[in-house]
There are 2 protein chains.
Amino acid sequence: MNCILLPDTSFQNGSAYINDLTQIAHVNKVLDAKVGDTLKIGQLGGKLGSAIIKDIAPDSIELGEIKLTINPPLKLNLTVVLALPRPKVLRRLIMDMTALGVNDIILINSYRTQKSYWQSPMLDRLDEFVLEGLQQGIDTVAPRISLQKRFKPFVEDELASLITNRAIVAHPYSALSFAQYVQQQRENPELLHNSALPSMVFIGAEGGWIDYEIDLLAEQGCTAVNIGPRILRTEAAVNVILGQWLLSDAKMRLL
Amino acid sequence: MNCILLPDTSFQNGSAYINDLTQIAHVNKVLDAKVGDTLKIGQLGGKLGSAIIKDIAPDSIELGEIKLTINPPLKLNLTVVLALPRPKVLRRLIMDMTALGVNDIILINSYRTQKSYWQSPMLDRLDEFVLEGLQQGIDTVAPRISLQKRFKPFVEDELASLITNRAIVAHPYSALSFAQYVQQQRENPELLHNSALPSMVFIGAEGGWIDYEIDLLAEQGCTAVNIGPRILRTEAAVNVILGQWLLSDAKMRLL
């Protein structure tokens, strides 16, 4: 938790109140903060800044001298379509994608997604995982998350309208590598001022995509690319792939 | 477990034997394999290939028709120097760095490393985490791992001799971004045929490096670079950063 995010309703007349027990425990146990100390805070959906601790009670911490002046970092111009993973890894995946600054997350069914995953109580806790990711990545704006339980209708009827600047699907059996794809795009005179990185990436869960899914995606103009012969855990693969956007965006911001 | 790795001693007269209970449980419960089925296997330190299950007993699986003809994937030309992380995340970090193909891993002390981490029993289990990483990434060659409990003597006396093609340290407070650094290297006429990516990267654990550490590293020619304003979990940061080598290496292998 690298900042403490509070909803609009926590701010009143120049004060703010931390009532969430996880946040209170963090202030007390991890930060070991006392009355008078400064905290890094943010307003959900708003700005980042700081506040001073005025009072600490077991179920509420009062903050004053609220300064919220810093814009949250830019989002990645990226929609991630992720095959719904095992519930056990869903929390860290949502956290990481949020901390990395993904704009839109679509959790989709795939042939290799076990049906039982859609009944997992973890799916009711996405807001909580997003809050953890925002507080990790020091951001205030939640990504949009949608669930798509039917692969074919989504791909055939909705996908085309969601692709703003090309789409790729990570697939170990593709002959084209991610690096080759990016190089091709850089040399493409039709690219004009668009980024060489696409605006949408499909990432499978354990076992990846079947040929039928890759073919359906190809029909909508989605290019399959490999990330080399090594098979990574879903979490590792997501961070490796999205890292390409994060590091290229860092460059665009700072140059 | 995307392949089952066996030590030399498991191979005898054209047969091989799985005696490790974790591997036996994987064959039975995850793969649900029967006598006559084909398994993806590898010889630790040797080649990859396949074998046929000849017999399944509770404490041993016999394999025949052993074919070991495939070379393991190339390693990344990279040494990762990682501030010793919390024992809880050490397993996944070692697994991920191994699966990604890191050549050398140096676990080092840092100002923000808690002293108790060096007493963790997890440090006696590194070989086990490496095996998990190799079986995940379908590789047979373990990375070299060394422990460096003293930061200053290591940096002052040993580091220079270990840097074959430049070193960087990930540091959020550096003004230079990773992308800017790589761009500078590409434009550097002295780079000749060396990769624009350095051969060594220092990554901090929670809390990162202190200025004194960054200064000591700078004296040895190690450049500090940032990966943007977002703070990532150590695991996520490691995969984001090492992904730059993985995807560039994939390109070098395939072009």
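Visitor: Across the interface of domain 1 of chain A and domain 2 of chain A, how many salt bridges does the rule find?
Guide: Happy to start there, and please keep in mind that this is a predicted model. The rule asks for a side-chain nitrogen of Lys or Arg within 4 Å of a carboxyl oxygen of Asp or Glu. Between domain 1 and domain 2 of chain A, the number of salt bridges found is zero.

Visitor: Which element gives the largest share of the side of domain 1 of chain A that touches domain 2 of chain A?
Guide: On that side, strand S1 (4-6) and strand S4 (38-43) of chain A are the elements that give two or more residues. The largest share, three residues, comes from S4(A).

Visitor: How much area do domain 1 of chain A and domain 2 of chain A bury between them?
Guide: Eleven residues of domain 1 of chain A are in contact with seven residues of domain 2 of chain A. Carbon and sulfur atoms make up 66% of the buried area, which comes to about 630 Å².

Visitor: Now to the two chains: how many salt bridges are found across the interface of chain B and chain A?
Guide: One pairing to look at joins Glu235(B) to Arg233(A), with the closest N and O atoms 3.5 Å apart. Across the whole interface of chain B and chain A, the rule finds six.

Visitor: And which helix gives the most to the side of chain B that touches chain A?
Guide: Helices H2 (87-100), H3 (126-137), H5 (178-186) and H7 (234-254) of chain B each supply at least two residues there. With twelve residues, the top contributor is H7(B).

Terms used
Residues numbered from 1 in each chain as written. Chains lettered and ligands numbered in written order. Predicted model: local features only at pLDDT ≥ 70, side-chain atom pairs only at ≥ 80, totals over all residues. Heavy atoms only, no water. Contact = heavy atoms within 4.5 Å. Buried area = accessible area lost by both parts, 1.4 Å probe. Helix = DSSP H or I, 4+ residues; strand = E, 2+ residues; numbered from the N terminus.
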